[in-house]
Amino acid sequence: MTSTQLAWLIRRHGIEMTHISGGSHIASVLSVADIIAVLYADIMQFNPEHPKWDERDRFILSKGHAGAAIYAALAESGFFPSEELKTHYANGSRLSGHVSHHLPGVDFSTGSLGHGLSAAAGMAFAAKQDHKKHRVFVVLGDGECDEGSVWEAALFANHFRLDNLVAIIDHNHMQSLDFCEKTIELESLSSKWQAFGWNTLEIDGNDHDALRAALQSAENELHKPTVIIANTAKGKGIDFMENDILWHYRFPHSDWEYDGAVMQLHRSKPDGIEDPYTPDGISNPILPGEDADIFRDHTMSATYAPTWMQKGDPV
């Protein structure tokens, strides 16, 4: 399966999983889909028939709220039947709302932000100590980089020259209720990682060729960990979800939200795959009405701000 096909399937599964379960974070799933797809289709070494194969590359999705993306990638890669994806968020399911290590192919449970890079650095350090050749990949959110533990791990990884460690930041420029820069100023993100001693690459994170090139070049970097700042669009692939913070927590409800998302994906479906849920699309999709809450700025800074912030006064 190509990375383009896998990315589409991750998005389609993500729409279905969050729709069925009423689960959150579909926009985060959509933004990270290309990164996950390139890793699983083109870069990482793994064996779905032997999930604990010692020579496999390790992977941690530190932004565990986007867990539907990794669940979809694992199912499509053969770790478990894709039919199980329909149990996402269900009581007793292995597919919890945030990533669970009880699922084959998952090396580390995540959800509480700021821990993934520390665990990945520990795995990479252990591999160095044991003279093992596998690599460790970790995907972080940009808002997650507000966590102090991220920078402690960054210092550790540089100090021990963990060139078998690759961090990818899903830099969709939004977090929780607003843009990153309106929450806690983050830029220049690239300069920060360089100052911490990392080999730093900045790319278009929705471009599969750019992702492949960056991940392949990281393999040749000696004596430095690598961070790839992957600039993405939150909600990528569904126009009314793109760069709208509403969809950080919202799921596609029945009616025009679900129908619109499915039909937009159908129009971009690559050759060689089938939609496992609506093979022929939706025959009479419901369209958004005049009162639909769509294409609006839902950020906290646009919808609410204290008086001092409105005036531009310092804190």
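Visitor: How much space lies in the second largest cavity?

Guide: The model is a predicted one, and in it the second largest cavity holds about 50 Å³ of space.

Visitor: Which residues line the second largest cavity?

Guide: Its lining consists of Y40, F59, I60, L61, I70, V99, G105, V106, D107 and F108. Sorted by class, this lining has eight nonpolar residues, one polar and one charged.

Visitor: Which strand gives the most to that lining?

Guide: Strand 1, residues 58-61, gives the most, with three residues.

Visitor: How many cavities of 30 Å³ or more does the structure hold?

Guide: The structure holds three of that size. The largest cavity contains about 90 Å³ of space.

Visitor: Which residues lie nearest the centre of the largest cavity?

Guide: Of the 14 residues in its lining, those nearest the centre are F46, R56, D57, F79 and G105. The classes in this lining are seven nonpolar, four polar and three charged.

Visitor: Let us turn to helices. What describes two packed helices?

Guide: One states the angle between their axes and the distance between the axes. For helix 4 (residues 116-129) and helix 5 (residues 148-159), the angle is about 20 degrees and the axes are 8 Å apart. Angles under 35 degrees count as roughly parallel, and helix 4 and helix 5 are therefore roughly parallel to each other. Helix 4 passes helix 5 in a left-handed crossing.

Visitor: Which residues meet where helix 4 and helix 5 are in contact?

Guide: From helix 4, L117, S118, A121 and F125 meet S149, V150, A153, A154 and F156 of helix 5. This contact has seven nonpolar and two polar residues, and no charged ones.

Visitor: At what angle do helix 2 and helix 8 pack?

Guide: Helix 2 (residues 26-43) and helix 8 (residues 208-218) pack at about 60 degrees, and their axes are 10 Å apart. That angle makes helix 2 oblique to helix 8. The crossing of helix 2 past helix 8 is right-handed.

Visitor: Which residues of helix 2 and helix 8 meet?

Guide: In helix 2 they are D34, I35, A37, V38, L39, D42 and I43, and in helix 8 they are H208, L211, R212, L215 and Q216. The residues of this contact divide into seven nonpolar, two polar and three charged.

Definitions and conventions:
Residues numbered from 1 in each chain as written. Predicted model: local features only at pLDDT ≥ 70, side-chain atom pairs only at ≥ 80, totals over all residues. Heavy atoms only, no water. Axes fitted to C-alpha atoms, helices over the stretch in contact; angles between N-to-C directions. Helix = DSSP H or I, 4+ residues; strand = E, 2+ residues; numbered from the N terminus. Parallel < 35°, antiparallel > 145°, perpendicular 65-115°, else oblique. Left-handed = near helix turned anticlockwise from the far one by under 90°. Contact = heavy atoms within 4.5 Å. Nonpolar A, V, L, I, M, F, W, Y, C, P; charged D, E, K, R; others polar. 1 Å grid on protein atoms, 1.4 Å probe; cavity = no way out; pocket = protein on both sides within 12 Å on 5 of 7 lines; lining within 4 Å. Points joined across faces, edges and corners; volume = space filled by probe spheres on them.
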